[in-house]
Amino acid sequence: MTDDLFSPLELRGTELPNRVMVSPMCQYSCEDRDGLATDWHRVHLGSRAIGGAGVVMTEATAVEPRGRISPHDLGIWSDEHADALAPVAEFVRAQGSVPAIQLAHAGRKASTSRPWEGHEPLSPEEGGWEAIAPSATPYPGNEDVALREMTREDIADVIEAFRSGAERALDAGFEIAEVHAAHGYLLHEFLSPVANDRTDEYGGSFENRARLVVEVVEAVREVWPDDRPVFVRISGTDWLPDRDSWTREQSARLADLLADAGADLIDVSSGGLHPDQQLPAGGPNYQVPLAEHVRAESEHDVAVGAVGGITTAQQADAVVRNGRADLAIVGREHLRDPQFALRAARELDALDRADVPEQYERAY
């Protein structure tokens, strides 16, 4: 029988009730600049679980304070952060969805204001901090952010921060951990020669540039239970065809390394490394071919998630039904419609498999 959007997906010992995932989307809504989840996050993420999504993933959650994009980002660098996130994970699970967390480090894109406040570099007087990156080359437009090249000690500290963040996420009740290695943030910066001009074992060759993300995934996998999956989000391409940059061919090679390191699903997005990127028009499914390429060219049988321009039930179902990806990852449409998955089940005549809440049955 062909899998469809409302077929369960088993990864290790964890069953996803359907193939709809809420994409990690930064909301910049922590209070007091402390990185602690609040009732806002419980309502925001919990409503998408009530809406039927099989996996509900947090926004990028910083593994250390200097790894935040803005002062208002979620964090997981202390037990207090885990305690604040625990009610969120518990509520999501209680609605029948799988709670997931994206572990992240912003690298050279750290220390900026929120998008609606201009997304400008923050000075120390404004609450900004020193950022770290593989090389001391700032993200264009962020030249005013204090930035330095990472030392070996910094690299070891970052690996340990991801490991500790995963341990705290597990204590908080999350069932899936995703390593964020996309969108021009720290791990993507190591992957791409556009941002990485190191000459040690973390720069130069493909294998060297991939070394840190592999070591981070290995560290997360060491503390994550064997029956729970680890995801990795990557940028399938930098969209910089005129430069020596990260490409879909390298992404397929990376998927094999990540599978060997213990990753169970590659979440394929794109771009974010440099403002000169030449993005396609951004229409329906515009990034799905990248996921499809990783799935087809990887030598390992690793699951793949597709994201980008998925806005309708029919699109999401076709991505899975046609074997282009194992998971339809829906971002902006979940902001517009928290009940996207239940609406999709109605449109696809799959309500009997969507576990509709009793109080919603008459509405659907």
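Tutor: The expected span of a helix is 1.5 Å times one less than its number of residues. Keep in mind that this is a predicted model.

Student: What span should helix 6 have, and how far apart are its end C-alpha atoms?

Tutor: Helix 6 covers residues 248-261, which is 14 residues, so its span should be 20 Å. The end C-alpha atoms are 20 Å apart, in agreement with that value.

Student: Which residues of helix 6 are buried?

Tutor: The general idea comes before the case. An α-helix has 3.6 residues a turn, so residues three or four places apart point the same way. In helix 6 the buried residues are Gln250, Ser251, Ala252, Leu254, Ala255, Asp256, Leu258 and Ala261.

Student: What covers the buried residues of helix 6?

Tutor: The cover includes helix 4 (186-191), helix 5 (206-223) and helix 7 (288-297), along with strand 9 (230-235) and strand 10 (265-269). Just after helix 6 comes glycine 262, with a positive phi of about 115°.

Student: Which residues other than glycine have a positive phi?

Tutor: Serine 111 is one of them, with phi near 65°. It is in the loop between strand 5 and strand 6 and is buried, at a relative accessible area of 0%. Tryptophan 239 is another, with phi near 60°. Tryptophan 239 lies in the loop between strand 9 and helix 6; its relative accessible area is 15%, so it counts as buried.

Student: How many aromatic pairs does the structure hold?

Tutor: A pair of aromatic rings is described by the distance of the centres and the angle of the planes. The structure holds 3 such pairs. One of them joins tyrosine 28 and tryptophan 116, edge-to-face, at 6.2 Å centre to centre with 80° between the planes. Tyrosine 28 is in the loop between strand 3 (20-22) and helix 1 (39-50), and tryptophan 116 is in the loop between strand 5 (98-104) and strand 6 (131-133), so the pair ties together parts 88 residues apart in sequence.

Student: Are tyrosine 28 and tryptophan 116 buried or exposed?

Tutor: Tyrosine 28 has 9% relative accessibility and counts as buried, whereas tryptophan 116 has 55% and counts as exposed.

Student: What kind of pair do phenylalanine 206 and tryptophan 246 form?

Tutor: Their ring centres are 5.9 Å apart and their planes are at 15°, so the pair is stacked. Phenylalanine 206 is in helix 5 and tryptophan 246 in the loop between strand 9 and helix 6, 40 residues apart. Both residues are buried.

Student: Which charged ends sit over rings?

Tutor: That of arginine 68 sits over the ring of tryptophan 129, 4.4 Å from its centre. That of lysine 109 sits over the ring of tyrosine 185, 4.7 Å from its centre.

Note on methods:
Residues numbered from 1 in each chain as written. Predicted model: local features only at pLDDT ≥ 70, side-chain atom pairs only at ≥ 80, totals over all residues. Heavy atoms only, no water. Helix = DSSP H or I, 4+ residues; strand = E, 2+ residues; numbered from the N terminus. Buried < 20%, exposed > 50% of the residue type's maximum accessible area, 1.4 Å probe, protein only. Contact = heavy atoms within 4.5 Å. Phe/Tyr/Trp six-rings, centres within 6.5 Å; stacked < 30°, edge-to-face > 60°. Lys NZ or Arg CZ within 6 Å of the ring centre and 35° of its normal.
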